[in-house]
Amino acid sequence: MTQRTALVTGGTGGIGSAIIHYLAQQGHRVATNYRDQAKAEAWRQKMASSGIEVLLVPGDVSDPASSETMVRQVEEKLGPVEILVNNAGITRDTTFHKMSYQQWTEVMNTNLNACFNVTRPVIDNMRTRKWGRIVQISSINGQKGQYGQANYAAAKAGMHGFTISLAQENAKFGITVNTVSPGYVGTDMVMAVPEEVREKIVAQIPVGRLGKPDEIAHAVAFFTGEQASWITGANLAINGGHYMGW
Ligand code: CAA
């Protein structure tokens, strides 16, 4: 199998860690960004103890200059980024009539503007080299909306608009661009939802439980594989049947 250089943003989180596991196990060289160095270093050591080597680079995906510096550091150490997973994301949940401009912009900058900030510095090299895999980690709530998430749902829906435009522009350059839309997965982000609210949400999931990070990472590994070369502009829902679009 060809070994590629992969950058997974927000790799120290629940879904990000699982994606890194899968990509590293496939033999790829994997990097992620951090903002809190001590926390990230502890995470890196834990990954290393299970045989997964990860390059850590500082970088704030909500900031264009920081994102560009981050990409250049990855390139310097591991070579041009061939697989990019735009995974970093945050929530600032509140009903819209209580939402501050800050809660709106923080989510827009980290979840949607980050797609510009991180993809822009990698795209030229992918086009020149005529190979690339880009995956956006969106959300079920970008597809169905969610009470308390006008900011998050708008950003996540926007990510797929980004995907389908980039997919068209770059199809002739061997670059595929796809979206994975996870439902409620048992990560810190979902566990931060108040328990009584979360229980009501889980009751709406036909499979009857929260998802597992591996169940998302598996699909990312599929989209980024050599053989997924004719799949572009897709949006794969992985949500235990919670929302079934077609
Ligand atoms: N539909 C209809 N009404 C709802 C509702 C819903 N889904 N959820 C809450 N309400 C109602 C409540 O019943 C309550 O009604 P009453 O006032 O009549 O009793 C009212 O809304 C509460 O409204 P408030 O404005 O006072 O809300 P709050 O400040 O108490 O909190 C909230 C609202 C922050 C949105 C809270 O309900 C919450 O955290 N909800 C979960 C949001 C969520 O799903 N976030 C996902 C995070 S994980 C993630 O994002 C990962 C991913 O991609 C899936």
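The model is predicted, and local features were taken at pLDDT of at least 70, side-chain atom pairs counting only at pLDDT 80 or more, whereas totals for chains, interfaces and linings use all residues. Residues are numbered from 1 along each chain as its sequence is written, and side-chain values use heavy atoms, with hydrogens and water left out.

An open sheet is formed by 7 strands in the order β3-β2-β1-β4-β5-β6-β7, with parallel pairing. At its edges stand β3 (54-58) and β7 (235-238), each of which pairs on one side only. From one strand to the next, the twist averages 20 degrees. Strands (E, at least two residues) and helices (H or I, at least four residues) are DSSP runs numbered from the N terminus, and two strands are taken to pair if DSSP finds at least two bridges between them. Between β2 (residues 29-34) and β3, the parallel pairing extends over 5 bridges; V30 is placed opposite V54 of β3.

Two helices that lie across the strands were examined. Helix α3 (residues 64-78) lies across β1 (5-8), β2 and β3, and runs at about 145 degrees to β3. Helix α9 (residues 213-224) lies across β4 (83-86), β5 (132-137), β6 (175-182) and β7, running at about 170 degrees to β6. For these angles, axes are lines fitted to C-alpha atoms, for helices over the stretch in contact, and the values run from 0 to 180 degrees between N-to-C directions. Contact denotes heavy atoms within 4.5 Å.

Helix α4 (residues 101-129) comprises 29 residues and reaches 41 Å from its first C-alpha to its last, close to the 42 Å expected at 1.5 Å a residue; the expected span is 1.5 Å times one less than the number of residues. A bend of about 50 degrees occurs in α4 at N113, given as the angle between axes fitted to the seven residues ending there and the seven starting there. T119, a residue of α4, is buried, with a relative accessible area of 2%. Buried here means under 20% relative accessible area, exposed over 50%, and partly exposed in between (1.4 Å probe, protein chains only). Neighbours within four places in sequence aside, T119 contacts L84, N86, A114, I134, F162 and L166. After α4 comes K130, located in the loop between α4 and β5. The phi of K130 is near 60 degrees, a positive value in a residue other than glycine, and K130 is partly exposed at 48% relative accessibility.

The structure holds 1 aromatic pair. The ring centres of F222 and F223 are 5.7 Å apart and the planes stand at 50 degrees, so the pair is tilted. Rings of Phe, Tyr and Trp (its six-membered ring) pair if their centres lie within 6.5 Å; planes under 30 degrees apart count as stacked, over 60 as edge-to-face and the rest as tilted. F222 is partly exposed, with a relative accessible area of 47%, whereas F223 is buried at 3%.

I140 belongs to helix α5 (residues 140-144) and is buried at 1% relative accessibility. Leaving aside neighbours within four places in sequence, I140 contacts G145, S181, P182, G183, Y184, N239, H242 and Y243. Between I140 and K77 the C-alpha to C-alpha distance is 35 Å, with 63 residues separating them in sequence. R72 of helix α3 is partly exposed at 33% relative accessibility; R72 and G142 are 70 residues apart in sequence and 31 Å apart in space, C-alpha to C-alpha.
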